[in-house]
Amino acid sequence: MSYITTVTGKHFDPMDPGNHDFNIVDIAHALSLICRGNGHIRFFYSVAQHSIACAEEAVARGYSPEVILGCLLHDASEAYLSDVTRPVKKELPQYLMAEEKLQRAIWQHFIGRDLTADEMNQIFEIDDMMLSAEFHQLMPEELNKDYRKLLSEFVCVYQNPQEVKEQFIRLQRILINESRLREAEETLRTKENADRLQCLISELEAYYTSDEWKQDFAADEAGLLPKGLKRGVLSEDGIYNLLEEYKEVSE
């Protein structure tokens, strides 16, 4: 058998990621049930929690929505490949190639483009600092003192995997739509690429009129989102004003 069966019922070949439509539910579900440190930590702390913490650090640093989303998804390949400890991984060149190919495909799918070298450096720097913090809080020894450079308030706690899964999906959804809003505003301003603008407007209108938007808005009101997160899509008038402006221009 050349595929794995995901929680949503997809047949997924990890060695051929180009032919797949990635599902955020598959990724969030799997990562919420995979333990960091190969299980050698004080209590269960998932890869999804680590990924959310990395995204929150990117928010604290004022990074772009693309980098924040890149941080959230930087270990998404593990949802399909599982993880291999670093001492073993470095001895498996074929695994490393498969992991890199799959991870780049995931970023391309959800972000819509390849990340730049600077963006990837920002993501990997946060990843390393978060690992340092996890050693400090969850392991019997420290890796280094890099955790002191974190700007976000980071504390490792046990969370219900289902709640983490929902938090992961919600953050991804908000980031995706925030990027769409920003791109649509810029495209409307420049009056270029009408087809792309129409697509963005349709996606934003579908989100704005969905139960998911109501749930995300309620989560924001309850203080469940990172404080510095750009959330124009969750403002009362953010998407509405854009839709009205688009209608005026289109008439």
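**Entry 1. Terms and model**

I take a pocket to be an open set of grid points where a 1.4 Å probe fits, with protein on both sides within 12 Å along at least five of seven lines. I note that the model is a predicted one.

**Entry 2. The second largest pocket**

I looked up the second largest pocket and found a volume of about 440 Å³. Its lining consists of 14 residues, and E56, E153, L225, P226 and K227 lie nearest its centre. Helices α2 (47-60) and α8 are the elements that give two or more residues to this lining. The most comes from α2, with three residues. By class, I recorded six nonpolar, four polar and four charged residues in the lining of the second largest pocket.

**Entry 3. The largest pocket**

I then turned to the largest pocket, for which the volume is about 1000 Å³. It is lined by 35 residues, and those closest to its centre are R36, E78, D83, R86 and K89. Which element supplies the largest share of this lining? I found that α7 does, with eight residues. Helices α5, α6 (93-111) and α7 each supply at least two residues. I sorted the lining of the largest pocket by class into 16 nonpolar, seven polar and twelve charged residues.

I next looked up charged pairs. Side chains of opposite charge can pair when their charged atoms come close. I recorded 19 salt bridges in the model.

D83 pairs with K89 in a salt bridge, with 3.5 Å between the closest N and O atoms. Is K89 buried or exposed? K89 is buried because its relative accessible area is 14%, under the 20% cut-off. D83, at 36% relative accessibility, is partly exposed.

R86 forms a salt bridge with D128, the closest N and O atoms being 3.9 Å apart. This pair links distant parts of the chain, since D128 lies in helix α7 (residues 117-138) and R86 in helix α5 (residues 86-89), 42 residues apart. I noted R86 as exposed at 53% relative accessibility, and D128 as partly exposed at 39%.

Lastly, I looked up E203 and R180, whose side chains meet in a salt bridge at 3.3 Å, N to O. I recorded E203 as partly exposed at a relative accessible area of 27%, and R180 as partly exposed at 22%.

Terms used. Residues numbered from 1 in each chain as written. Predicted model: local features only at pLDDT ≥ 70, side-chain atom pairs only at ≥ 80, totals over all residues. Heavy atoms only, no water. Salt bridge = Lys/Arg side-chain N within 4 Å of Asp/Glu carboxyl O. Buried < 20%, exposed > 50% of the residue type's maximum accessible area, 1.4 Å probe, protein only. Helix = DSSP H or I, 4+ residues; strand = E, 2+ residues; numbered from the N terminus. 1 Å grid on protein atoms, 1.4 Å probe; cavity = no way out; pocket = protein on both sides within 12 Å on 5 of 7 lines; lining within 4 Å. Points joined across faces, edges and corners; volume = space filled by probe spheres on them. Nonpolar A, V, L, I, M, F, W, Y, C, P; charged D, E, K, R; others polar.
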